[in-house]
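Hi,

Here is the structure I promised to pass on. Have a look at it first, and then read on for my notes.

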Amino acid sequence: MTIQEIEKTHQNANHCIDNAEVNDAFKHIKLLTDAMGRGDMNDELERLRMSYTFMLKYLAQGVIDPQRDEILTSIRQSLYTLNDQCFIGLMEPLSLEVFYARRRELGAASLVAIVEEYRAAIKELSLVQSVPQEQGDNHAILSRLHHAEAIETKLFNRVWSTFPISTDDAGSLKLCIGGDILPVHTRCLIIAALMLGLMKFYDESKLLILLEAYSLSDEPEVQLRALTCAMLAMLAHRKRTSSSKGIQMRLAALLDSPDFDRDVWGIQLQLARSRNTENVKQRVRNDLIPNIMKMRPDIIDKLKDKDSQVIDLSDIEANPEWQEWLDQSGITRKIEEFNTMQVEGSDVFIATFAHLKTFPFFKTLSNWFLPFYPAHSTILENLGANKLGFADVVQHAPYLCNSDKYSFCLSLGALPESQRSMMSAQLEEQNAALNEARQTELPDERQRRMAIITAFVQDLYRFFKLFSRRREFIPVMDDPGLDMTDCLPLVQVTRDAHVLELLGALYFKNAFYDDAIKCFIRLEGMDDATDAHIYQKIGFAYQNAGNIEKALTYYKRYELIHENDAWNMRHIAACYRIQGKYDQALDYYRRAEALTPDNVSLTLTIGHVLLEHNHTSEALQQYYKADLMEGAKHRAWRPIAWCSFLLSDYERAIDYYDRITQYDTPTPQDLLNRGHVLLCQGDMQEAITIYRKSLEGMNGDTAKFRAAFKGDAMELRLHGVSAVDQALIPDAVCGPLSQ
């Protein structure tokens, strides 16, 4: 069979098993077992066929069998496994995928043997490292370290590529993860290997090991990585896991763990945040960093003392004028925005570190999941043994995930010593300040656990998005594949009212409106969600998703409970306005205005609705009212000028456009409108001069100017400007400018 035929037959068999078309599944799998030519697989398929045949026979005879569901589930699970085994066996000699390449490399090497080989290697390493530093042989240490890390990678590949995992191997892995016979970072790699194997081919034994690892280990790093991987695996294989009694029993036992609920919620929220990573990446790359860099020459000039020495930003309090300038320039706001995103758990550094994943270190798949520790050979070789203090500083740097810490150290290895020392000093200073701040606070174990979750989810995101051979893996981090509220084995935990509210708000903030609606509607149906504001939230989400009818339904439900809510009235009015129901919109806007008479924005909005409804005189009165209320902001001047023009009060219109010119910067639209007024006053020459200034404000975009001019054709016609003049004026304006 060709690769395409193997893949097609495997997919067809899985499809049949998924849909309980078991007889057809047998036919497809028979093609694979015949191609394998292995008697044990044909025997297993025949055994399953006989079991299924007897079950059908008893069913046809009317025999009542209370275990029929369990038998059918067992047959289907065995068929899944046999189908995958055949697929792997047939693909291994043919496929170029890294999964099969590792299987070919490892051959028959057993997991137990590799574990023992690794334990012997780390024992040898420990012996050479125990020699006093002045007598130590750095070359020997590095040699032993490389040897241990090579076996570590071999162990990772064996766990990842083994399918299905045997009972003996499962027992060995539980001992490795739950005990202290292996270093913590190696246990974390085993966890990642189990997950990657699960993402390739579902193996319930591997999933159960991950769930057990959460309770077996006393290391938070191991616990939380195992739980995160288990949750992602359950979501990726929700059809298979939703009906598994073994998984349900394991999860039921975990419910008694004191941190389980909150850990699941923390993972759920961080996975939801990761869905917005691309938006964060673009925002940092295209907005925050360019704006700060644009200001950089000004910053350097401003922050110089009388001797032309650049002042350290940490001494900014020495001169309040510098702080005031930073505030006015906008850089303070940008930095605060960046810091807020950091604190909220957004992945703000992916834009910085994405291009630093091309080092040879990241060619080794297991390194993407490696917890950062200073004693790794890569760190020693790049920074030198005498710079381990700097690696310790990096290890405790907040907000950097493990993958980015390795990238950071690798990039430092290429820097001159002077720059490296400077960066080291800055990092040490920042960490010292953070440590000092932490010492004044009580220890927060929940915060520590959330930091582990955040870093690991970011590590996973980088692997699934940046690894050179990422297309060979399930795109687990892709939207919309991270909604844990749809993962049936976990719904008892993930559909907690408080978490649904947080998720809904998070989804809404990041414009995932459909997901926000789903969370809020689930919240609506819960006994402890009695706050009527849930109707407003659902309405608001529907409104932003563009479903105005549904939005009105929920806003009206809230109105039945809270009749005099100005916010709700304004949003009902906005929905009616979108639908073109201006009378209903005005009614609700007026009611809201009566409740909040000092709201200038609302007064202006009523003016806009009246103007849209061709009640120009009434709109003008609203704008005058807003202008009196607002004082110096003058947001009403532009609509006052336009209404005056529409009412043929040209002198008043010019007066307000003069005010805009005097106290503000006129926009191209302001200049266009002023040109209209001059045109209708009969001053064609001055009108064309002003139109040309409008065109200049549009960067000479003649198409844009023509479209804007034609957009006012009806108003100009009503004010006596002929169709002929309207056709000629754009050429008169644009022609001379283009010569």
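Let me begin with a pair inside one helix: Arg225 and Glu221 sit 4 residues apart in helix α11 (residues 220-236), which means that about one helical turn separates them. Their side chains form a salt bridge, with 2.9 Å between the closest N and O atoms. Arg225 counts as buried, since its relative accessibility is 0%. Before you zoom in any further, keep in mind that this is a predicted model.

How many salt bridges does a search of the whole structure find? The count is 42. Are the two partners buried or exposed? Arg462 is buried, at a relative accessible area of 1%, and Asp404 is buried as well, also at 1%.

For another pair within a helix, go to α34, where Arg659 and Asp655 are 4 residues apart and so about one helical turn from each other. The closest N and O atoms of their salt bridge are 3.1 Å apart. Here Arg659 is partly exposed at 28% relative accessibility, and Asp655 is partly exposed too, with a relative accessible area of 31%. There is also a network: Asp259, Arg262, Asp263, Arg446 and Arg449 are joined by salt bridges that share partners.

**Arg674 and its surroundings**

Helix α35 (residues 668-680) holds Arg674, which counts as buried because its relative accessibility is 17%, under the 20% cut-off. Its side chain makes a polar contact of 2.6 Å with the side chain of Asp658. Beyond its neighbours within four places in sequence, Arg674 is in contact with Ile654, Tyr657, Asp658, Thr661 and Ile690.

Back in α23 (residues 445-466) you'll find Phe464. With a relative accessibility of 8%, Phe464 counts as buried. Once residues up to four places away in sequence are set aside, the contacts of Phe464 are Met195, Leu196, Arg470, Phe473, Ile474, Val476 and Met477. Met477 is 13 residues from Phe464 along the chain, and the two C-alpha atoms are 6.7 Å apart.

Leu196 turns up again in the largest nonpolar core, which has 208 residues: together with Met234, Leu365 and Phe369, Leu196 touches the most other members. As background, nonpolar side chains tend to be buried together in soluble globular proteins. For Met234, the contacts outside four places in sequence are Leu207, Leu211, Thr241, Ile247, Leu251, Cys487, Pro489 and Leu490.

**The first helix**

Helix α1 (residues 3-18) has 16 residues and spans 22 Å from its first C-alpha to its last, close to the 22 Å expected at 1.5 Å a residue. Which of its residues are buried? They are Ile6, Thr9, His10, Ala13, Asn14, Cys16 and Ile17. Viewed down the axis of α1, these buried residues fall within an arc of 160°, so they line one face of the helix. What do they pack against? Their partners are α2 (22-36) and α4 (68-91). Just after α1 comes Ala20, with a positive phi of about 60°.

A few other spots deserve a check of the backbone angles. Most residues other than glycine have a negative phi, and most peptide bonds are trans.

- Phe163 to Pro164: this peptide bond is cis, with omega near -15°. Pro164 is placed in the loop between α7 (138-161) and α8 (167-178).
- Ser648: phi is positive, at about 65°, although this residue is not a glycine. Ser648 lies in the loop between α33 (637-646) and α34 (650-663), and is partly exposed at 41% relative accessibility.
- Asn699: here phi is near 60°, again positive in a residue other than glycine. The loop between α36 (684-697) and α37 (702-711) is where Asn699 sits, and at 74% relative accessibility Asn699 counts as exposed.

Cheers

Technical notes
Residues numbered from 1 in each chain as written. Predicted model: local features only at pLDDT ≥ 70, side-chain atom pairs only at ≥ 80, totals over all residues. Heavy atoms only, no water. Helix = DSSP H or I, 4+ residues; strand = E, 2+ residues; numbered from the N terminus. Buried < 20%, exposed > 50% of the residue type's maximum accessible area, 1.4 Å probe, protein only. Polar contact = N/O pair within 3.5 Å; in protein donor to acceptor, adjacent residues only side chain to side chain. Contact = heavy atoms within 4.5 Å. Core = buried A, V, L, I, M, F, W, Y, C linked by side-chain atoms within 4.5 Å. Expected span 1.5 Å × (residues − 1). Arc of directions from axis to C-beta. Salt bridge = Lys/Arg side-chain N within 4 Å of Asp/Glu carboxyl O.
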